[in-house]
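Student: Please go through the charged side-chain contacts in this model with me.

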Amino acid sequence: MSAGRPVCVLVGAPGAGKTTVGRALATALGVEFRDTDEDIERMAGKPIPEIFVDEGEAHFRTLERAAVAAALASCSGVLALGGGAVLAEENRAALVGHTVVYLSVELTDALKRVDLGAGRPLLAINPRATLRYLLDQRRPFYQEVATATVVTDARDPGDIVTEVRALLDR
């Protein structure tokens, strides 16, 4: 494990379990956990929903690209990217050569996990329809960047961590 290179990068839709699984995986591996959404909030000095309201999605995506580049260059643990990070070609290109685990989730489970979009600006209006759209729109990008895919539907986070650890040991 080299300094400045993530052990693995987790990608997936809202509700896939990137933060929950990422924290547990980092603990199990004895490494740091880093979430680019948290980095963006620190950088901006405000929560992501406020960034969307005050400056708009385009500004948020600019911050996100910077956060992804910085995290890929400096994180030596488990890194979770925001659900929409894969939309930027720049981010997808930066993921080449990294171990990227796509945490796959279907609509039913994602809806149970996102709490009807609370704190998620893109899901504020009609969470079900919006989440369905986001899953369909982003799935090809998640698959493009992934070196491995782990299905998370109806699974305990501990089981998912065990599967990801096994993938990392290969």
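Predicted model: local features only at pLDDT ≥ 70, side-chain atom pairs only at ≥ 80, totals over all residues.

Tutor: Residues are numbered from 1 along each chain as its sequence is written, and side-chain values use heavy atoms, with hydrogens and water left out.

Student: How many salt bridges does a search of the whole structure find?

Tutor: Side chains of opposite charge can pair when their charged atoms come close. A salt bridge here is a side-chain nitrogen of Lys or Arg within 4 Å of a carboxyl oxygen of Asp or Glu. The number found in the whole structure is twelve.

Student: Which residues are linked with Asp39 in a network of salt bridges?

Tutor: Asp39 and Arg34 form a salt bridge at 2.8 Å, N to O. Both of these residues are buried (buried is under 20% relative accessible area, exposed over 50%, partly exposed in between, with a 1.4 Å probe and protein chains only). The network links Asp39 with Arg34 and Arg42.

Student: Is Lys46 buried or exposed?

Tutor: Lys46 forms a salt bridge with Asp54, their closest N and O atoms being 2.9 Å apart. Asp54 is partly exposed because its relative accessibility is 48%. Lys46 has a relative accessibility of 18%, so Lys46 counts as buried.

Student: What is the N to O distance in the salt bridge of Arg155 and Glu163?

Tutor: Arg155 is partly exposed, with a relative accessible area of 27%. Glu163 also counts as partly exposed, at 29% relative accessibility. Their side chains meet with an N to O distance of 2.7 Å.
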